[in-house]
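I opened my notebook to see what I could look up in this chain. My plan is to go from the whole down to the details.

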Amino acid sequence: MTPEMSHRNNARRLHHWRHDLIELAALFTAVVVADSIAKTVVKGPDGPYLLVFSAIALVATAAFHTWWARRHSHAPPADDPGGSGASAPLPPDAVSGSAPTPVGDSAGTATSLWRLRTTVRDAPGSLAALCAVLARHGVDILTLQTHPLAVGTVDEFLLRAPAALEAGVLTREIAAAGGTDIWTERADAHDLVDVPTRVLGLATRTALDAAELPLALRRLLGRCTLRSVPAVSLSGRPTGEQAPVEGVLEETSMRLRDPNGGTLVIERPYLPFTPTEFARARALVELDARLGPRLPRGRDVLTLPEGNDITVRRADQRDLAAARAMHDRCSDRTLALRYHGPVGDADRYLDHLLSPRFGRTLAVQTASGRVVALGHLLWDGDETEVALLVEDEWQRRGIGSELLGRLVALAEEAGCDSVYAVTQSSNTGMVAAMRGLNLPLDYQIEEGTLVITARLAGRTAGATGARAEADRARLRPAPGPADGASRWRARR
């Protein structure tokens with residue numbers, strides 16, 4: 001028995017004894033009154049008539065009491081069939097004092113999720129005015145965050161609104177209620193996770209994989225542009241970019257010190273960052289710095305048609321020496337098709353390409369540990385580039401198609417709408433691999449190079465082209481997990 005139930009039982013027993021005591025007192029009083037009346041009736045000359053009138057008055061009083069009790073009954077309400085007398089639970093909106101909203105899945109009304117952010121005066125009643133406007137339009141507040149500023153407060157809502165409600169109408173109503181710097185955006189089911197849970201999840205992913213930091217920052221801050229400005233350029237000259245340890249916050253941009261050297265620049269022109277967002281971003285970067293270089297250990301072993309086993313795994317800057325050795329074994333034509341520039345500059349790009357700040361790299365190595373192929377997924381603002389380099393001796397064995405399929409899967413996991421590859425029309429292997437993805441392709445010629453863009457939106461799970469299927473059929477994979485992806489801005 002719970003403490004609450006025990007308390008109720010004690011209260012009922014106390015009420016029972018009080019009721020019995022009152023009835024006993026009433027009975028004693030009735031006996032005294034009856035005795036007095038009996039003596040008066042016996043000794044009085046009109047005793048029999050007085051007795052008859054008293055009986056009539058008693059019956060009339062009993063009838064009136066019965067009628068009054070039925071009209072003003074204290075029986076349990078209709079929605080309490082058990083007769084316990086307990087009132088029905090109040091709806092959530094009734095607890096807060098507002099009328100229940102007419103939207104919601106249970107009502108069958110078509111709704112949509114919105115994220116709304118606005119700045120209000122730091123004064124009593126400011127938030128109440130916004131809530132009243134939302135309630136008037138049938139909007140349900142799912143979550144609310146407040147970001148205190150030096151002047152005013154930024155309120156961020158996750159809303160479930162009627163599907164017919166337009167963003168422009170909502171913006172005008174919020175402005176009329178005192179909101180400024182209003183920003184609205186469509187939300188999805190992922191936004192239903194509360195902020196502490198989401199931050200802990202992002203911190204966990206960052207702790208497991210250094211390449212997750214860019215993706216974690218972008219998911220934490222929403223739509224923003226992230227750039228990594230190295231402390232030293234590709235030519236070896238200092239760039240002069242080095243943010244202070246505590247970082248810099250300047251309204252729509254923040255600069256944080258990159259644990260790998262240089263500066264992380266995060267920009268969001270349409271919406272200023274708040275001090276709370278800056279503190280969260282800095283905490284994630286500090287976590288990455290303390291943990292140091294790390295990669296997930298997942299790897300897949302594949303068997304080539306001739307029986308050789310190769311391993312596909314993640315790579316980073318610790319594979320720089322093996323990647324340079326592969327460059328030395330590649331022909332000048334292979335390097336030129338990959339880097340579109342002087343062959344002698346190829347090694348200079350490797351440190352940049354292998355950095356987890358600019359994307360993801362997959363490496364293919366032989367049983368002896370020699371790296372024979374590299375696949376890069378590079379974040380270029382809102383666009384994503386894929387690039388392949390396969391050592392001459394290992395070309396035409398399906399390795400390129402295997403790497404490209406895995407890179408596209410990583411891009412889809414990161415939520416990219418498309419990927420593009422920069423090559424030359426004479427690079428028939430890369431062109432065939434892109435066609436083998438069985439995705440809508442766009443072809444453009446830019447400054448003598450061929451840019452092939454594959455649209456990922458609407459791609460069905462496991463969709464591959466005939467050539468990609470043929471290439472994969474020649475490779476027998478062993479069970480192994482696939483790695484995730486993150487976003488970042490990068491160039492070759």
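Below are my entries, in the order I made them.

**Entry 1: the whole chain.** First reminder to myself: this is a predicted model. I looked up the secondary structure and got 14 helices and 17 strands. The chain has 492 residues, and 39% of them count as buried. I also checked the contacts between residues at least 6 apart in sequence, and 66% of these join residues at least 24 apart.

**Entry 2: the cores.** Next I looked for nonpolar cores. In soluble globular proteins, nonpolar side chains tend to be buried together. Here the largest nonpolar core has 35 residues. I noted those with the most contacts inside it: Val364, Val386, Ile399, Leu403, Leu404 and Met434. Which elements give two or more residues to this core? They are the strands β10, β11, β12, β13, β14 and β16, plus the helices α12 and α13. Helix α12 (399-413) makes the largest contribution, with seven residues.

I zoomed in on Leu404. Setting aside neighbours within four places in sequence, I found leucine 404 in contact with Val386, Leu388, Ala433, Met434 and Leu437. Then I spotted another core, apart from the largest one, with 18 residues. Ala203, Leu226, Ile266 and Ala281 are among them.

Entry 3: I wanted to know how buried β14 (418-423) is, and the tally was six of its six residues. Both faces are covered. On one side I have Ser418, Tyr420 and Val422, and on the other Val419, Ala421 and Thr423, all buried.

What does β14 pair with? I found six bridges joining β14 to β16, and the two run antiparallel.

Isoleucine 445 has leucine 450 of β16 as its bridge partner. β15 and β16 make a hairpin with two residues between them. In that turn, glutamate 447 has a positive phi of about 55°.

**Entry 4: threonine 119.** I picked this residue in strand β1. Is threonine 119 buried or exposed? Its relative accessibility is 14%, so threonine 119 counts as buried, as the cut-off for buried is under 20%. Who touches it? Leaving out neighbours within four places in sequence, threonine 119 is in contact with Leu149, Thr153, Val154, Gly178, Gly179, Thr180 and Asp181.

**Entry 5: the largest pocket.** I got about 1300 Å³ of space for the largest pocket. It is lined by 45 residues, and the closest to its centre are Asp188, Asp191, Arg218, Arg219 and Gly222. I sorted the lining into 14 nonpolar, eleven polar and 20 charged residues. Elements supplying at least two lining residues each include β1, β4, α6, α7 and α8.

**Entry 6: the cavities.** How many cavities of 30 Å³ or more are there? I counted two. By type, the lining of the second largest cavity splits into five nonpolar, three polar and three charged residues.

Technical notes. Residues numbered from 1 in each chain as written. Predicted model: local features only at pLDDT ≥ 70, side-chain atom pairs only at ≥ 80, totals over all residues. Heavy atoms only, no water. Pairing = 2+ DSSP bridges. Helix = DSSP H or I, 4+ residues; strand = E, 2+ residues; numbered from the N terminus. Core = buried A, V, L, I, M, F, W, Y, C linked by side-chain atoms within 4.5 Å. Buried < 20%, exposed > 50% of the residue type's maximum accessible area, 1.4 Å probe, protein only. Contact = heavy atoms within 4.5 Å. 1 Å grid on protein atoms, 1.4 Å probe; cavity = no way out; pocket = protein on both sides within 12 Å on 5 of 7 lines; lining within 4 Å. Points joined across faces, edges and corners; volume = space filled by probe spheres on them. Nonpolar A, V, L, I, M, F, W, Y, C, P; charged D, E, K, R; others polar.
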